[in-house]
Amino acid sequence: MKKIILFLSALAVSSLALAQVKVSVRETAQDQPVIPAEIYGQFSEHLGRCIYEGIWVGPDSSIPNVDGYRTDVLEAFKALKVPVLRWPGGCFADEYHWMDGIGPKENRPKLVNNNWGSTVEDNSFGTHEFLNLCEMLGIEPYISGNVGSGTVEELAKWVEYMTAENGSMAELRAKNGRKEPWKVKYLGVGNETWGCGGDMTADYYADVYKRYALYSRNYSGNRLFKVACGASDYDYNWTRTMMQKDRDKMDGLSLHYYTCKGWTGSKGSATDFTPEEYYNVLAKSVEIDEVLRNHEAIMDAFDPDKRVALLLDEWGTWFDVEPGYNPGHLFQQNTMRDAMVAALSLNIFQKHTERLKMANIAQIVNVLQAMILTKGPQMVLTPTYHVFRMFNVHQNATYVPSEYNCGTLVSAEGRVMENFSACASRDAAGALHVSLANPSLDKPVTVELAFDQLKPKTVSGEILTASDVHAYNDFGKAPAVAPAAFSGAKVSGKTVKLTLPAASVVVLEVK
Ligand code: AHR
């Protein structure tokens with residue numbers, strides 16, 4: 001993989017100027033993995049205005065909608081090519097009782113959303129509303145089952161209700177308007193079972209997992225991909241215990257990693273930050289590279305054939321809630337800094353796909369590092385959305401290794417990060433895509449892409465940048481951060497040359 005030569009010495013919080021970098025693109029490398037589209041996965045939770053107002057407004061809403069789903073958000077999902085959507089939580093999942101969310105809406109019980117601001121949940125968005133959404137958009141559903149406060153029977157019956165052709169659960173489903181079973185691939189057996197999902201030890205959960213997984217059956221040709229709840233961040237013991245005890249019983253093991261300053265006290269503002277805070281956030285986000293490597297090494301020891309997938313099914317930035325919003329609703333704005341976190345993270349994930357098969361950013365609308373923000377009938381696409389949309393050319397493409405020698409910078413918190421990022425892939429139509437990011441706040445970088453075989457004829461691209469990294473897209477205003485065509489890349493023999501402006505993200509298509 002990438003060879004890193006630290007040719008510049010590290011200075012505290014300094015952007016070490018990287019004047020130029022040569023990226024050797026090894027398109028002749030054999031047997032490279034396909035980048036799973038699921039790396040671009042999303043997460044929807046009954047939290048704040050993610051589901052209600054964000055996705056679902058109901059068919060009687062004055063906000064334009066298709067069968068209750070807001071039209072503008074549906075269109076944005078389509079352009080994003082959302083491959084997989086996790087639901088209904090998060091912490092919410094472990095207090096969610098699916099039977100409350102089926103049948104006539106007026107009969108559905110109301111529950112207090114204890115995790116998220118004590119909002120009253122009326123269950124008007126339930127299993128049918130979620131699975132129909134996925135089906136309509138061709139999204140793979142990822143159901144997060146209730147292990148914390150739900151029974152084995154409840155989860156078993158939910159799987160049957162969703163996927164069985166016959167039997168009384170199928171009859172109940174038909175009575176509720178849906179004759180055919182849905183296809184459901186991913187089943188999460190609990191969420192954060194070390195915390196909000198049951199406060200268990202790894203050893204205890206490893207036993208609990210087996211019971212819930214055993215009775216979650218495959219019906220009518222549906223094949224479940226069972227995901228055991230994994231570790232948070234640096235909890236390598238959790239991964240070790242799960243692999244030791246349950247590796248033969250699971251298809252995947254999850255991991256959560258947030259770019260968050262700390263779980264107590266201020267998490268910092270999403271929009272108002274110093275250069276020091278900018279680099280702190282970026283350096284923390286790219287530490288996921290090392291965290292993934294460490295979890296993967298443990299998994300490799302138990303599963304050298306890499307049968308069990310690693311799923312990073314929650315990740316992203318977590319800042320203070322925007323002033324004036326319910327503190328339990330985790331609504332935060334999204335700047336060019338978030339776009340940079342997204343670009344650096346996706347480039348990292350794409351280098352881990354021999355084990356990492358899915359990643360789900362938290363959350364798709366109105367919560368944490370969201371793709372989309374809404375306010376009544378208004379909607380904005382965030383800088384993070386644009387990165388996901390620009391990078392989706394990598395979905396299902398073959399990974400192409402690239403090597404480059406770049407420098408590092410050291411954040412005020414003492415984390416070392418590379419000051420440049422690149423990743424390449426070749427799609428089924430033969431086009432080569434290279435995603436590049438320059439995190440420096442003040443220094444452009446000149447890039448030379450050198451191909452070991454390709455003699456490029458054309459190069460085109462898109463750039464995402466802003467005059468100020470604090471820029472964000474706000475309601476009722478012209479977008480401050482939007483992608484633009486990039487014509488600055490030039491073919492020169494077997495190379496492509498370009499200059500990446502400071503704090504910019506570029507995706508090139510080379511043919
Ligand atoms: O994404 C917000 C919360 O973060 C999720 O509900 C939970 O799983 C995690 O702690």
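Start with the crossing of α6 and α8, which is right-handed in this predicted model. To see it, select residues 236–246 for helix α6 and residues 288–302 for helix α8. Their axes come within 9 Å and cross at roughly 25°. Angles under 35 degrees count as roughly parallel, and α6 and α8 are therefore roughly parallel to each other.

On the α6 side, pick Y236, T239, R240, M243 and Q244. Facing them from α8 you'll find V291, N294, H295, I298, M299 and F302. Colour that set by class and you get six nonpolar, four polar and one charged residues.

Now zoom out and show the whole chain as a cartoon. What does the secondary structure amount to, in helices and strands? There are 10 helices and 27 strands to click through.

Hide the cartoon and keep just the C-alpha atoms. Along the principal axes, they fill a box of roughly 65 × 55 × 45 Å. How does the radius of gyration sit against that of a compact globule? For 511 residues such a globule would come out near 24 Å, and the chain has 23 Å, so the two agree.

Then colour by burial: 59% of the 511 residues in the chain are buried.

Conventions. Residues numbered from 1 in each chain as written. Predicted model: local features only at pLDDT ≥ 70, side-chain atom pairs only at ≥ 80, totals over all residues. Heavy atoms only, no water. Axes fitted to C-alpha atoms, helices over the stretch in contact; angles between N-to-C directions. Helix = DSSP H or I, 4+ residues; strand = E, 2+ residues; numbered from the N terminus. Parallel < 35°, antiparallel > 145°, perpendicular 65-115°, else oblique. Left-handed = near helix turned anticlockwise from the far one by under 90°. Contact = heavy atoms within 4.5 Å. Nonpolar A, V, L, I, M, F, W, Y, C, P; charged D, E, K, R; others polar. Rg over C-alpha atoms; globule rule 2.2 N^0.38 Å. Buried < 20%, exposed > 50% of the residue type's maximum accessible area, 1.4 Å probe, protein only.
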